[in-house]
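Reader: I have a new structure to read. Where do I begin?
Author: Let us look at it together.

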Amino acid sequence: MTVYRPAVPGYDQLDVPIGDVVHVTEYVTAAALADPAALDAGRKAVFGEHRAPVSRVPVEQIVGSGAPYAVAVITHPGGGTLHIDGDDVIRVADGVTYLPSVHTTAGDFRDQYRWCLERIAALLAVAGSGTGALVRTVDYTATATRADYPRCGRPRREILGVGPVHPGAAGILVDVPVAPGAQVSLDALAASGRLEALNPGWARYDTLTYKPAVRAANRVYLAGFGALDPVSQQAIHAGDLVAQAGYVYQSIQTVLAETGATGENVVHLVEYLTPDAVADYPRTAVLRETRFPNAVVTAVVCSALLRPEFLLETVPTAVLS
């Protein structure tokens, strides 16, 4: 059984069977990014000979913690199958392909975005898969790239194809790059077997290179959700975090209903808050726990979100009974 583990403030705080780890996410502040070698050393000290793909996600802050970084892991008994391509590590477990985050420092924003997609495609090929198996992408870009962000549409169409199934996607703005000169860092996840796009009739997705959610076997990988009216495409509830959270959570449940699931099926939530949302975030706890009682939650602070009105973007994962 695949298990999403809560984020902890440092590798020395992990209490899991290390040999079962199939993916690691490091949520790293500027203080931690100042010494990436120390992050690597901390991981190696705990993991020993075990290697797992690492997503290094730059953030402003870990909600509820003053730690410079936090570590969240996914485990599966036996650790799945290991693949290695250069310095990159891939693991495949229970039909899911776990990849490291990728980035480059060469070229402009669109060049870098294309390179990231091409690198993802190459890593998937090493694992015997391809971009048609992608179920989720999350990109991390700087606020300064917001105006250029639509330019990533072309490389996504050319590399991910015309569908009908595209991955769920999220776009998060972070002003501390994962490496100097990197304008984008990309995370991706793939799954084997038949994929089904889930969409409750929202026409805006007909022309996009991502979908509200993708079902793979008994798992549902949802896109990032903000308080956006899918019909008018207008952001709503500006300045009101609790109202935005309620709208986001209802939208997630609306998508899950397409496959007969409810909020009780959600096992994992990553919540990206803007700095203006941090003070009010505790006020969303009861709402979140009521809607998603079985979810492991990781909450971090980003610099901003793609819609300036958004205070929150939530990325859920669900498992069907």
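Author: Start with one term: contact means heavy atoms within 4.5 Å. Keep in mind that this is a predicted model.

Reader: Which strands does helix α5 lie across?
Author: Helix α5, residues 241–256, lies across β13, β14 (213–216), β15 (219–222), β16 and β19. The helix runs at about 30° to β19.

Reader: How do strands of a sheet pair?
Author: They pair through backbone hydrogen bonds, either parallel or antiparallel. Here, an open sheet of seven strands has mixed pairing. Its order is β4-β17-β16-β19-β15-β14-β13.

Reader: Which strands stand at the edges?
Author: β4 (61–62) and β13 (195–198) do. Each has a single partner strand, so one side of each is left without a neighbour in the sheet.

Reader: In which sense do β16 and β19 pair, parallel or antiparallel?
Author: Antiparallel, over seven bridges. Strand β16 covers residues 266–273, and strand β19 covers residues 312–319. L273 stands opposite L312 in β19.

Reader: Is C152 buried or exposed? And what about C302?
Author: Buried means under 20% relative accessible area. C152 has 5% relative accessibility, so C152 counts as buried. C302, at 1%, also counts as buried.

How values were computed. Residues are numbered from 1 along each chain as its sequence is written. This is a predicted model: local features need pLDDT of at least 70, side-chain atom pairs count only at pLDDT 80 or more; totals for chains, interfaces and linings use all residues. Side-chain values use heavy atoms; hydrogens and water are left out. Buried means under 20% relative accessible area, exposed over 50%, partly exposed in between (1.4 Å probe, protein chains only). Two strands pair if DSSP finds at least two bridges between them. Helices (H or I, at least four residues) and strands (E, at least two) are DSSP runs, numbered from the N terminus. Axes are lines fitted to C-alpha atoms, for helices over the stretch in contact, and angles run from 0 to 180 degrees between N-to-C directions.
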